[in-house]
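Here's a quick tour of a few spots worth a look. Have the sequence and the fold open while you read.

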Amino acid sequence: MAWILWFRKLWFVEPVRFQSYESQQCEKKEKIVASAKENDLEITKKRAKTRSKELGWVDYCCWMIGYICTIWWLLFLFYHCLSAILPGFQVPESPGTRLKREGLVAQHPVVLVPGFLAGGLELWEGKPCAEGLFRKRLWGGSFSEMLKRPLCWLDHLILHNETGLDPPGVRVRAVEGLAAADYFAPGYVVWALLIENLAQIGYEEKNLFMAAYDWRLSFQNTEIRDQSLSKLKSKIELMYATNGYKKVVVVPHSMGSICFLHFLKWVETPPPMGGGGGPGWCSNHIKAIMNIGPTFLGSPKMVTSILTMEGKDVAWLRAMFSGVLDPELLGIQTLEHVLRLSRTWDSTVSLLPKGGETIWGNLDRFPEEGQVCVLSKSRSLKTSKSNSSSDVEGGLQVKESIKYGRIVSFGKSASQLPSSELPSFDTKEFFGSHTIKNSESSCGEVWTEYDVINKESIRKFAENKTFTAATVLDLLRFVAPKMMQRAESQYSHGIADNLDDPKYEHYRYWSNPLETRLPDAPDMEIYCLYEVGVPTERSYVLKVSPTDRCKSIPFRIDTSVDGEEGSCLKSGVYLVDGDESVPALSAGFMCAKGWKGKTRFNPSGSRTYIREYQHKPSSSLLEGRNTEGGSHVEILGNYAFIEDLLRVAAGASAAELGGDRIHSDILKMSEKINLQL
């Protein structure tokens, strides 16, 4: 024990030092080094404190977001706990559960056809930057790869600028099965709720099929590259044969409606251009086509999407967060990159307005005149024939003149002046003499195709020029010549004078309901199902961008332009009734008039029906998905729509549903369209 105490004494007591000159020098050096280390430590501590102060706002924001999410989750949980106790908080019973209890069971096989942007895309072959992403989703899902390597992600979703197919060394393909479009992203429901309700009355994969396809490609190219149309034909025939020879109910959504319209013509056309099914194939295999939010006559929203990469929401974000979307501040050029990408997708051109001025109106005449103008999701105004609108409750009066036929106007005055006061503008002469490449530009390879426009031409557009549904195509041909030349070999946007003309046997006309006939299927029912009561973009006020920077987008929506209180003009966008993306005119006209009865577009007299669903705002922020309203995508979760679909799939006819159900002014608008039938 003594030696342990002795050892402790040696350990804790400082030993005697014999100092010499050298040892003194060493001690001085050690003190200098020690003091230097202490200074370094103090500096490090100060820097740490400074960094902690600098990062304090980040921590604060993170904590705030965490608190908000936690409180929201607790309230959401509390809300659903109360639903089982309090009658006022009860969640509505799903249509599938209720109809199953009433005895409804699966009868007809169902085919779902997703629309633009809805289906997932996965990588099968890529560039070195995409290592580790084999068969991982590049579109749909978590979008994590877009955040990790955005430029690599863009390079794999872009298509070849001349062929409209895969670029060399890249293969991106559509995800197969029901999982292709059930969810767009985690928590963002697309088809999942409808699939769940179908399953509740007995549907499964043997009688339920998702006809996924690569929505970037033209419809005919999906067949050339992936045989998507042949797969759909074979699947319908198989489901028909294995389910007691019961005809199929097809449910296309959005762009899927015109994609399936293309299929109807393709399947009966002889090979090699068509599927060789023969004249009676559709009559033998299809019971009903239930088009959801159909884009039969296109959408004006796609005009500015191609022209400026903006819609109402993007323009608002650009005005609010210009540092992210405006290259002048941070140089990110976000919109330029996305525009370069989308200019290679031929499918976007299929969504441009069809029918020209006959359908959409000219400089002075338009079918919405005197009809409903929806200002918000909770309130709408009726416009009188003198182009003034009044709110019955609030007594608001709008004196400005609305000219919806002018899809694009440069300046507010150009959108409202009588046509006689507008400067003359010969588009053919202008486009023929102003396609010289800007000599001052050294942009090199094609970026957004704006390199081919000289600055003088860009300025001329701002001189109170207006463009209708007919002349806006000339404008797009001018600003995106490569895209339009390629895509217009796949699509057409006119009205057929004589459908017996052999040229209309070409596939470029098959997705335009005004340039093709429905198949000979008199027993087939065609539904137009869509939301109304939601503000929908119809025409735009544009301006020239304030920058002359090379590769920048020279036009943008003028968000500073507003009408009077209660006006249909909001932030440079004129609004009408629709489902937020597609005006009621486009979704309902063919069922209301173009195909109604026996017409030259519907020679066999297939019966058509309109089922509109009036939008109802959510009563509570905690309600989650709205079961009684919604926009272009949210209609897939509308309980009234789901019930209609389940009843038709279970064997009901349109007469048993109650026939047409119309809330909008689609019939009045259709009467004003002078179309030869």
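Helices α8 (residues 219-226) and α9 cross at roughly 85°, with axes that come within 6 Å, so the two are roughly perpendicular to each other. This is a predicted model, where local features need pLDDT of at least 70, side-chain atom pairs count only at pLDDT 80 or more, and totals for chains, interfaces and linings use all residues. Residues are numbered from 1 along each chain as its sequence is written, and side-chain values use heavy atoms, with hydrogens and water left out.

A few terms before going on. Helices (H or I, at least four residues) and strands (E, at least two) are DSSP runs numbered from the N terminus. Axes are lines fitted to C-alpha atoms, for helices over the stretch in contact, with angles from 0 to 180 degrees between N-to-C directions; under 35 degrees is roughly parallel, over 145 roughly antiparallel, 65 to 115 roughly perpendicular and the rest oblique.

On the α8 side, the contact (heavy atoms within 4.5 Å) uses Phe219, Gln220, Thr222, Glu223 and Asp226, and α9 brings Ser228, Leu229, Ser230 and Lys231.

Helix α9 (residues 228-242) also packs on α10 (residues 255-268), and that pair is roughly perpendicular too.

| Pair | Angle | Axes |
|---|---|---|
| α8 and α9 | roughly 85° | within 6 Å |
| α9 and α10 | about 75° | 11 Å apart |

Now for two loop residues. Ile407 sits in the loop between β12 (389-390) and β13 (408-410). With a relative accessible area of 0%, Ile407 is buried (under 20%; exposed is over 50%, partly exposed in between, with a 1.4 Å probe and protein chains only). Leaving aside neighbours within four places in sequence, Ile407 touches Pro300, Val303, Phe467, Thr468, Ala469, Arg538, Ser539 and Tyr540. Val573 is 166 residues away from Ile407 in sequence, yet their C-alpha atoms are 9.9 Å apart.

Asn638 lies in the loop between β20 (607-614) and α24 (639-649) and is buried as well, because its relative accessibility is 2%. A polar atom of the Asn638 side chain is 2.9 Å from the backbone nitrogen of Ala640.

How far does the confidence go? Mean pLDDT (the predictor's confidence in each residue, from 0 to 100) is 82, and 72% of residues reach 70 or more. Residues 1-24 stay under 50, with 4 contacts beyond four places in sequence. Where pLDDT is low, predicted coordinates should not be read in detail.

How values were computed
Polar contact = N/O pair within 3.5 Å; in protein donor to acceptor, adjacent residues only side chain to side chain.
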